[in-house]
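Let's take a friendly walk through this structure, starting where two chains meet and then looking at a few local details.

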Amino acid sequence: MPVQTIAGRSVHIQTLGTEGPRAVLIHGMLIGSIASWFFSVAPPLAARHRLLMYDLRSHGRSEFANGGFGFRSMANDLRDIVLDWTNGEPVAVVGHSYGAGIALRFGLDYPELTHKVVIVEATLPVITDEGVRLLTKETAESLVQMLPPWQRMAFETGGRRSKKIVEQFETLATKTSMLDDLMAEPDIADAELATLSRPALLCYGTETPAIMMDTCKRLAATLPDVRVEMLESGHLLPLEAPRHLARVIGQFLDE
Amino acid sequence: MAIDETTRAAILRELTEMLHAVVGEDWIHEQPITLDTTFARDLEVESIELVVLFEKLRERYGEAIDFPGWLSNMDVDAVMHLTVGNLVEYIAQCQSKP
């Protein structure tokens with residue numbers, strides 16, 4: 001059953017792959033969902049790994065919640081999902097963008113449930129006042145110009161698909177505390193980053209904005225056991241370079 | 001091995017019913033669904049609905065269906081232009097294997 005009740009909430013979950021190390025793939029905010037990974041990185045990765053993907057609260061087909069979008073709360077959601085999936089066996093956590101922040105928080109808070117951490121294009125802090133001003137000023141339509149051409153096509157027709165994604169974005173931006181939660185999210189101090197006790201892989205795009213690269217450099221300097229891979233891409237790595245990303249993640253998980 | 005028309009038609013019928021269930025909105029019942037119908041352009045299904053559809057197909061047709069493998073061999077353009085016929089053909093081929 002794709003929609004399951006976990007710790008009293010409905011969560012849309014999809015699993016792929018029947019053998020190999022377990023990994024949870026965590027999507028990004030606002031316009032993300034299971035689909036962000038399902039058609040891109042997950043197919044090749046699932047050949048030799050057991051994958052779980054889920055829709056974050058208020059995204060995709062998971063239950064709507066109007067609060068709880070801070071990293072600690074989202075890491076707790078993830079903890080419930082992992083416990084349900086593996087009964088306490090550790091998993092790799094792989095997150096993109098906002099999802100990468102969740103993965104990092106999870107690795108820090110629940111090392112006993114974490115095998116490895118893959119951080120794809122994280123930013124710390126997630127969003128500044130400036131960023132929120134930009135996001136709430138821009139319409140979803142202009143934001144989707146960030147998507148790669150083959151996804152942008154869906155929006156150019158201005159039809160049902162684009163309406164649905166615009167709806168999700170607008171609901172999240174205006175009817176939940178998401179942006180407030182993220183602005184209030186404290187940065188993770190270097191001293192705390194240095195306590196991550198699991199191997200970490202950082203994946204960043206060569207064309208990603210400078211603010212993302214600043215986080216990459218900071219994480220590379222503070223995480224104790226860390227590697228960096230640069231891929232030819234912008235911020236939306238899983239969609240722009242899925243095969244390369246799958247290969248890099250797969251190799252890291254297999255070590 | 002050649003796939004006969006009866007098999008194709010049967011799979012198309014099942015796929016159509018599943019699409020109705022997955023989308024769950026009135027307009028899908030008015031929408032003609034043929035082998036040439038594209039998921040992205042003609043049907044405008046959301047990516048997330050495709051995910052749910054694949055899950056239903058996996059439940060119905062079992063482990064013979066290897067969507068990850070099938071999708072891996074497609075480039076992103078092909079996924080974007082996927083037709084109902086592509087999916088029917090794939091399912092029929094999986095079923096016809098000994």
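How much area is buried between chain B and chain A, and what percentage of that area do carbon and sulfur atoms give? In this predicted model, the buried area comes to about 2700 Å², and carbon and sulfur atoms give 60% of it. On the residue level, 29 residues of chain B are in contact with 28 residues of chain A.

The rule finds one salt bridge across this interface. It joins A:R61 and B:E49, whose closest N and O atoms are 3.7 Å apart.

Helix 3 of chain B gives the most, with ten residues. By class, this side of chain B has 16 nonpolar, three polar and ten charged residues.

Next, a helix in chain A. Helix 11 (residues 210–222) has 13 residues and reaches 18 Å from its first C-alpha to its last, close to the 18 Å expected at 1.5 Å a residue. Its buried residues are A:M212, A:M213, A:T215, A:C216, A:L219 and A:T222. Among the elements of chain A that cover them are helix 4 (98–109), strand 6 (114–120) and strand 8 (226–231).

Finally, back to chain B, where B:G85 lies in helix 6 (residues 84–96). Is B:G85 buried or exposed? B:G85 counts as buried because its relative accessible area is 15%, under the 20% cut-off. The C-alpha atoms of B:G85 and B:K97, twelve residues apart along the chain, are separated by 19 Å.

How values were computed: Residues are numbered from 1 along each chain as its sequence is written. Chains are lettered from A and ligands numbered from 1 in the order in which they are written. This is a predicted model: local features need pLDDT of at least 70, side-chain atom pairs count only at pLDDT 80 or more; totals for chains, interfaces and linings use all residues. Side-chain values use heavy atoms; hydrogens and water are left out. Helices (H or I, at least four residues) and strands (E, at least two) are DSSP runs, numbered from the N terminus. Buried means under 20% relative accessible area, exposed over 50%, partly exposed in between (1.4 Å probe, protein chains only). The expected span of a helix is 1.5 Å times one less than its number of residues. Contact means heavy atoms within 4.5 Å. Buried area is the accessible area (1.4 Å probe) that two parts lose on being put together, summed over both. A salt bridge is a side-chain nitrogen of Lys or Arg within 4 Å of a carboxyl oxygen of Asp or Glu. Ala, Val, Leu, Ile, Met, Phe, Trp, Tyr, Cys and Pro count as nonpolar, Asp, Glu, Lys and Arg as charged, and the others, Gly among them, as polar.
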